[in-house]
There are 2 protein chains.
Amino acid sequence: MDRILKDMEFIVQLDKMKTVLRQTQLIGSEQREDDAQHSWHIAVMTMVLSDYADEKIDSSKVIKMLLIHDLVELYAGDTFCYDAKGNEDKKSREMEAADKIFGMLDENKAKEFRSLWDEFEDMETPEALFAASMDRLQPMLNNYYNGGGTWKKHEIAQRDIFKRISPMEKSSKKLWEFVEFMLDDAYNKGLISKK
Amino acid sequence: MDRILKDMEFIVQLDKMKTVLRQTQLIGSEQREDDAQHSWHIAVMTMVLSDYADEKIDSSKVIKMLLIHDLVELYAGDTFCYDAKGNEDKKSREMEAADKIFGMLDENKAKEFRSLWDEFEDMETPEALFAASMDRLQPMLNNYYNGGGTWKKHEIAQRDIFKRISPMEKSSKKLWEFVEFMLDDAYNKGLISKK
């Protein structure tokens, strides 16, 4: 029962992910998305899109990675991907947060979660590259359908957006083709800053 | 590219799950939880708790079921579990919604999603029983940590709460023990109506 009570403490902490706000807005709304919503969205996207991966991938592993990839933000907060200054110490803040959050679980479970998170962060395996692609594609879809969203608000240049979504080029030629099409269309429509 | 564009239309629809509100409130907050947040929470709960299942279960399948179990609410809305009237036509409203939402996907993917949803709804396999347990435990945890939450607001009797969480008794003796402990404690603390 002690172990169950410990697990429940962790599960109660998870509730706070519903109030960690991201820069992205919901489609057709001013409401900012939170980490729980974002993580759910990209997990379901994996169920829909994993067939397009160039290599055969373990989609269940990708889903698990994505479900927990932002847990560190419970302590480290969300860092906007185009914020150069905030990203300087992001890694060290998140490593500390990972020790804290995964340390709440019993040893075996902690190892399993930490190993999934490390693999995601290292972005080297086919699963991690596909996970990164989903994590980066979703806010782009929201921006595209929101008349530019945070791209426009923060005047993000097209080359920086292409750089951000570059893991997809290594992960799925078919989805990369779609992204090129979408980003060119967004540029032509003036949704992406022309600076 | 046609199939990808169709998939993206489905993925854009998913965004609306972030605005389908449930009765449950976030812990320590008046804010009502939405379907995306709820689905994420119970998927991660499965990663933490699936070891406690009495039978060996395929936790990845449970996670996939839970990620999509509420998609029908995009069209059928959320029905409060203790609302007898709303639950009368729930099944037919949700069956119609399932045809509509899963019908957006190409045939193979539609079949896969529909089969997961049907299995969840039938609540017969060990995976479906565990999924139902997670779906029902999470709002109870939120109520317990919210001084009674919707239990108190709607004066729900303890026997109805036990009935609601009964799939867990068939799924995990260890988690069932925890639930009995929590619900008895909630009753003693006056968090559950004594009517």
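Modeller: The model is predicted, and the values below are computed from it. Helix H2 of chain A covers residues 35-49 and helix H8 of chain A covers residues 126-145. The handedness of the crossing is right-handed.

On the H2(A) side, the contact is made by His38(A), His41(A), Ile42(A), Met45(A), Thr46(A) and Leu49(A). These meet Phe130(A), Met134(A), Asp135(A), Leu137(A), Gln138(A), Pro139(A), Leu141(A) and Asn142(A) of H8(A). Sorted by class, the contact of H2(A) with H8(A) has 8 nonpolar, 5 polar and 1 charged residues.

Helix H6 (residues 90-102) and helix H7 (residues 107-122) of chain A have axes that come within 10 Å and cross at roughly 160 degrees. Such an angle makes H6(A) roughly antiparallel to H7(A). The crossing of H6(A) with H7(A) is right-handed. H6(A) brings Lys91(A), Glu94(A), Met95(A), Ala98(A), Asp99(A) and Phe102(A) to the contact, and H7(A) brings Ala110(A), Phe113(A), Arg114(A), Trp117(A) and Glu121(A). The contact of H6(A) with H7(A) divides into 6 nonpolar, no polar and 5 charged residues.

Next come the strands. In chain A, strand S1 (residues 21-25) and strand S2 (residues 32-34) run antiparallel and are joined by 2 bridges. Leu21(A) faces Asp34(A) of S2(A) across the pairing. S1(A) and S2(A) form a hairpin with 6 residues between the strands, and Gly28(A) in the turn has a positive phi of about 75 degrees. In chain B, strand S1 (residues 21-25) and strand S2 (residues 32-34) likewise pair in the antiparallel sense over 2 bridges. Here Gln25(B) has Arg32(B) in S2(B) as its bridge partner. The hairpin of S1(B) and S2(B) also has 6 residues between the strands, with Gly28(B) at a positive phi near 70 degrees.

One contact between the chains is made by the H3 helices. Helix H3 (residues 59-68) of chain A and helix H3 (residues 59-68) of chain B have axes that come within 10 Å and cross at roughly 60 degrees. H3(A) and H3(B) are therefore oblique to each other, and their crossing is left-handed. From H3(A) the contact takes Ser59(A), Ser60(A), Ile63(A), Lys64(A) and Leu67(A), and from H3(B) it takes Ser59(B), Ser60(B), Ile63(B), Lys64(B) and Leu67(B). By class, the contact of H3(A) with H3(B) has 4 nonpolar, 4 polar and 2 charged residues.

Technical notes. Residues numbered from 1 in each chain as written. Chains lettered and ligands numbered in written order. Predicted model: local features only at pLDDT ≥ 70, side-chain atom pairs only at ≥ 80, totals over all residues. Heavy atoms only, no water. Axes fitted to C-alpha atoms, helices over the stretch in contact; angles between N-to-C directions. Helix = DSSP H or I, 4+ residues; strand = E, 2+ residues; numbered from the N terminus. Parallel < 35°, antiparallel > 145°, perpendicular 65-115°, else oblique. Left-handed = near helix turned anticlockwise from the far one by under 90°. Contact = heavy atoms within 4.5 Å. Nonpolar A, V, L, I, M, F, W, Y, C, P; charged D, E, K, R; others polar. Pairing = 2+ DSSP bridges.
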